[in-house]
Amino acid sequence: MKKALTRLGVRPLSIKRASIAMYEAEINAVIHGHGGVAVVHIFPDSVMIEIIDHGPGIPDVEQAMTEGFSTAPDSARAMGFGAGMGLPNIKKQVDLLEIDTKMGEGTKVTMHIRF
Amino acid sequence: MGRLHSVSLNRELCMGCTNCIKGCPTEAIRVRDGKAVIDENRCIDCAECIRICPHHAKRAVTDTLPELSERHDDFPCVALIPPSLYSQFSVPANRASILNAMNTLGFDYVYEVALGAAASSVRTREILNETRAAEEVLKDGTESGFPLISSACPVVVRLIQMKYKSLIPHLISLDAPMEITARYAREEASKKSGVPPENVMIYFISPCPSKRSASLNPLGQKESDVNYVLAMHDVYPLLLNLLEKPDAGSSDSSGKADAHPLADPTGVQWATSGGEASTLDTEKYMAVDGIHNVISILNEIENENLKDIEFVEPSCCFGGCIGGPLTATNPFSAKARMRSVIHKAREDHGKNPGNCLHSNALDPHIWEEPLSDNDSMRLDEDIETALGKYDQMEKILSTLPGLDCGACGAPTCAALAEDIVQGNALETDCIIKLKEQIRKVAQEINILKL
């Protein structure tokens with residue numbers, strides 16, 4: 001995605017925001033959602049990134065959005081993840097964040113970044 | 001905008017092989033009609049193609065050594081000596097004797113670029129401290145100024161302008177030691193000779209072609225103070241000839257011997273990879289050499305994986321400037337000799353600190369112009385058109401064989417797809433695609449025959 005946005009001439013700050021948001025969401029999908037897929041839609045004025053997993057779902061989205069709150073297992077923490085900053089960091093980077101989650105079915109995180 | 005570069009092709013020697021297109025880190029070369037063509041907007045003077053070409057068809061463009069005996073007194077000639085030059089000689093030679101030998105060659109004044117480098121080190125230490133103080137205020141480190149990136153290597157700066165624009169604010173925005181020294185040398189030579197500063201002709205003895213491009217098309221400055229750039233390997237045999245004489249450097253210009261201000265040893269250290277970083281008071285530094293290694297580290301910085309590092313010193317060439325394409329000696333010998341030169345410089349400095357010209361005499365300038373972008377990676381000025389082209393590129397790429405063989409003249413299938421979209425190549429330039437089409441035609445002819 002970063003390469004594509006660069007080739008399109010999107011300004012560096014927007015590329016940076018999109019990259020950080022996408023990276024954090026991907027990490028979440030790997031740690032909590034047993035992996036998943038990423039779909040990126042690029043428009044002339046913005047980018048929409050969807051990260052979709054079929055994991056356990058998020059029981060309390062508001063709590064998950066709190067800085068420092070984490071349910072990451074020790075194995076993830078051992079690798080330096082799981083500080084409870086993922087979702088809050090995403091929120092800082094994007095213009096619009098939607099979290100669509102169903103317990104036992106999975107989570108779809110949709111992020112919009114305007115250029 | 002047109003961006004000058006200093007690599008040229010000898011069309012007669014070029015065999016149209018794919019070695020250079022494969023090695024080019026910015027994919028700036030294509031083979032068209034059997035000859036290599038360099039895209040001047042994308043060439044950053046890294047000289048990978050010069051090193052890799054088996055037919056020696058690529059050449060660095062530099063100025064030619066003037067007939068110094070015919071020089072005019074109204075236009076005094078100044079030579080600027082980078083510290084890497086000291087590493088070139090197998091004969092016993094010290095800095096003073098090399099500087100004197102340059103005088104003997106006919107230069108009126110000779111200055112060590114290490115002077116500017118030492119001054120730059122002092123200023124960079126201040127910038128490091130300022131950045132640390134700013135980090136303290138920010139605390140959360142979200143918009144960290146670290147790592148700072150050295151701007152000493154022009155190839156790296158131009159790579160960042162083209163492919164790592166988000167890292168432009170990380171660059172140390174001081175002009176290069178070559179420029180700092182040139183400005184000082186111009187004033188000094190003007191004072192000593194009594195001619196106006198603009199009449200002073202400044203020659204830089206360069207280990208690499210990127211310094212020539214940087215003098216013609218300055219980075220962060222309106223104009224360069226360097227008038228000509230000479231290749232180190234052109235000056236080397238003349239110097240060697242002088243240094244091999246037993247009385248070298250002593251009798252010839254003994255009167256001028258004391259006239260050379262010697263730089264602080266920290267300036268001499270800049271010649272090798274990691275040398276600049278070692279003059280700063282930080283342990284948290286990283287020195288990376290070789291253009292492909294530099295690219296992987298710039299990616300790491302962009303992905304914010306190097307926030308614990310305060311200073312990154314990237315050099316295009318392996319070993320640093322001593323590994324430059326215009327040097328005369330192999331970089332391993334040069335590195336060993338550089339070690340002795342630096343050791344000697346420190347020893348002399350310890351014995352007699354007063355002999356070194358104080359760095360305060362030289363004044364590193366902050367870039368007077370913001371570093372411009374190089375938009376040559378952009379598919380189109382209009383983002384909607386660019387999106388269309390990107391889409392088309394992906395479609396074409398999915399039909400190409402993915403062998404990245406280079407036979408079409410582009411380094412990869414993706415590069416060919418881009419060339420097709422930009423109207424610079426045809427799908428049948430791909431020999432695999434061409435073979436498929438020929439087979440189809442052959443089959444149709446066979447059917448017709450039956």
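1. Chain B of this predicted model splits into domain 1 (1–61), domain 2 (68–249 + 260–361) and domain 3 (378–450), with bounds from an automatic or database domain assignment. Between domain 1 of chain B and domain 3 of chain B, the C-alpha centres are 23 Å apart. Contact (heavy atoms within 4.5 Å) involves nine residues of domain 1 of chain B and 13 residues of domain 3 of chain B.

2. Over all chains, 25 salt bridges are found, each a side-chain nitrogen of Lys or Arg within 4 Å of a carboxyl oxygen of Asp or Glu. One of them pairs E369(B) with K222(B) at 4.0 Å, N to O. E369(B) sits in the loop between α12 (331–351) and α13 (383–399) of chain B, and K222(B) in the loop between α7 (210–216) and β9 (228–231) of chain B, 147 residues apart. Helices (H or I, at least four residues) and strands (E, at least two) are DSSP runs, numbered from the N terminus.

3. A surface patch of negative charge is formed by D45(A), E381(B), D382(B) and E384(B). Patch members have over 30% relative accessible area (Shrake-Rupley, 1.4 Å probe) and no salt bridge, with like charges joined within 9 Å. D45(A) belongs to the loop between β1 (36–42) and β2 (46–53) of chain A.

4. Two backbone items deserve a look. The peptide bond between F146(B) and P147(B) is cis, with omega about -5°; P147(B) is in the loop between α4 (114–138) and β7 (148–149) of chain B. H34(A) has a positive phi, near 55°, in the loop between α2 (12–32) and β1 of chain A.

5. Conventions: local features need pLDDT of at least 70 and side-chain atom pairs 80 or more, whereas totals for chains, interfaces and linings use all residues. Residues are numbered from 1 along each chain as its sequence is written, chains are lettered from A in the order in which they are written, and side-chain values use heavy atoms, without hydrogens and water.

Note on methods
Patch = residues over 30% accessible without salt bridge, like charges linked within 9 Å, V, L, I, M, F, W, Y side chains within 5 Å. Lys, Arg positive; Asp, Glu negative; His and termini not counted. Charge placed at Lys NZ, Arg CZ, Asp CG, Glu CD.
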